[in-house]
Amino acid sequence: MIQGIFYARFLPQEGTKIVAQSPPGCIVATTYTPHLKPPLVDFDIIQEYIIPRKAFFNRFMTVNSPDNKYSILGFPVSIPNERYHRNEFIFNFGLVVESDVDQVPYERLVRRLAVTFAEMERQHGYLSSDGQVDDGRRPIESLLEIVKEDLNNYGECMIPVDDANTLNMKLFPYHAPPAPVRGWHVPVPKMKLADIVDPTWDLTLQKIIPHVDGVNDVRRIAWLADVSLPLTQVALQHLLYYDTILLLDMFFFGSCYAPRPGVHDFITNRDSLVDECAGYVCISNPIPGGASNTGSATKAPSETKDPIDAAADLLKQQQQQNHQEVSNYQLIKLMTTFCAGRSVMEWIKLHQDAGFDVLRHVDVRRLVQFGVIKGLLYRVHKYVVSKHCLETLAMGKRMKFGSGDNDEEDSLLRYADGCHCFDQIITEQNMTDGEIMKKLRSLEPGDRTVFYR
């Protein structure tokens, strides 16, 4: 949010002077605003940066206040011409924003203000004649006030400056470049993409969106949509850029997960996190007993109530029963028993031996997905390292992959540098975890080491 906006000039007799500011008194106190709040910044300290040395002219500048509370964004401009005193006209339009906000979107605004008014000054001396000619135009201070209010309230402004010029600006949010999308990633939608898709959208996006369900990995989505993998990755990057999906790892029962420090919030049920988890991961079980045993119990509501009300009552009974079967304590116990040396299958067996049938009451994939998304768990990836591969790389040589009888070994050796997780090998080689381990054991015993991190 813009806290203040100003227009400054360099006057030969007075030096740097704030000609206009909004709100009044935000940069320098005036005789008309003694009752207002003190200025946001100390002008005596920062004035040498508002109109800086010649080397900084026509450049975007950012200056922090001494207390590091506010940042001043400016673009000092110098217009050389013989008609000016000292043959030069120097000015600056600046914004004052809080120092902890993203300044990238505001840089374009500052540049647009500077470039627009510099061109108007070159054409007919708009700034240098301000207040000297009564041509009915709006004062600059009034313009700055409208710019500030419109940008803060609507994110854009369109202000007529005079008969020939209009100030058009829009505040665009800045999105960081998206992370690379790999073939072994699983895109999870953050909204119902099918409801917002439009016939004018990219054809690749229209083909892949029906298969983005939080279960299919990128390579499988490309296969199901009959689209090449590179095009699928580019399309998913667009969705990731606009924060409509997030990327997770593939789920396997042989994978390992470990708790993060954020699991403490889950234990204390901060912001009803456990209740949210219960609604997402618990499986709705039918009411025990068949229709013959519970005929009177199930038919009575339908005879006396509307069918919709009867269905709602039945769903409520199922949710109450489900809530009783999987308590908050049990969910916390499930979430906190993940560890780096224990696979999901071993984790399930641990709880089954303790008398709790996890697969009957909990969707394990959803539980793991919930933990990863909320920052409660992280995936412990599996890697393979070859001593021969590391020795070759340490000597500065490139790995050479032959052909013929050793194709099977070479296909795995290219991943044996400790930088390629098993998810990548599974996806690119179309092999299961067990098949990879079996082939690694058959190739040069003692040369391969598998580790987790």
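Predicted model: local features only at pLDDT ≥ 70, side-chain atom pairs only at ≥ 80, totals over all residues.
Q: How do H6 and H7 pack, and how far apart are their axes?
A: Helix H6, covering residues 218–225, packs against helix H7, covering residues 229–241, at an angle of about 115°, and their axes lie 9 Å apart.

Q: What does that angle make them, relative to each other?
A: Angles of 65 to 115 degrees count as roughly perpendicular, and H6 and H7 are therefore described as roughly perpendicular to each other.

Q: And is the crossing left-handed or right-handed?
A: The crossing of H6 and H7 is right-handed.

Q: Which residues make the contact?
A: On the H6 side they are Val218, Arg219, Ile221 and Ala222, while H7 contributes Leu229, Thr232, Gln233 and Leu236.

Q: How do those divide into nonpolar, polar and charged?
A: The contact of H6 with H7 is made up of five nonpolar residues, two polar ones and one charged one.

Q: Switching to charges, how many salt bridges does the structure hold?
A: There are twelve salt bridges in the structure.

Q: OK, what does Arg83 pair with?
A: The side chain of Arg83 meets that of Glu121 in a salt bridge, with an N to O distance of 3.8 Å. This pair links distant parts of the chain, since Glu121 sits in helix H2 (residues 104–124) and Arg83 in the loop between strand E5 (77–80) and strand E6 (88–98), 38 residues apart.

Q: How accessible is Glu119, and what about Arg122?
A: Glu119 has a relative accessible area of 39% and is partly exposed, and Arg122, at 45%, also counts as partly exposed.

Q: Where do Glu156 and Lys170 sit in the chain?
A: Glu156 is in strand E7 (residues 156–160) and Lys170 in strand E8 (residues 166–170), 14 residues apart, and the pair links distant parts of the chain. Their side chains meet in a salt bridge with an N to O distance of 3.5 Å.

Q: And what are the relative accessibilities of Glu156 and Lys170?
A: Glu156 counts as partly exposed at 39% relative accessibility, and Lys170 counts as partly exposed at 40%.

Methods:
Residues numbered from 1 in each chain as written. Heavy atoms only, no water. Axes fitted to C-alpha atoms, helices over the stretch in contact; angles between N-to-C directions. Helix = DSSP H or I, 4+ residues; strand = E, 2+ residues; numbered from the N terminus. Parallel < 35°, antiparallel > 145°, perpendicular 65-115°, else oblique. Left-handed = near helix turned anticlockwise from the far one by under 90°. Contact = heavy atoms within 4.5 Å. Nonpolar A, V, L, I, M, F, W, Y, C, P; charged D, E, K, R; others polar. Salt bridge = Lys/Arg side-chain N within 4 Å of Asp/Glu carboxyl O. Buried < 20%, exposed > 50% of the residue type's maximum accessible area, 1.4 Å probe, protein only.
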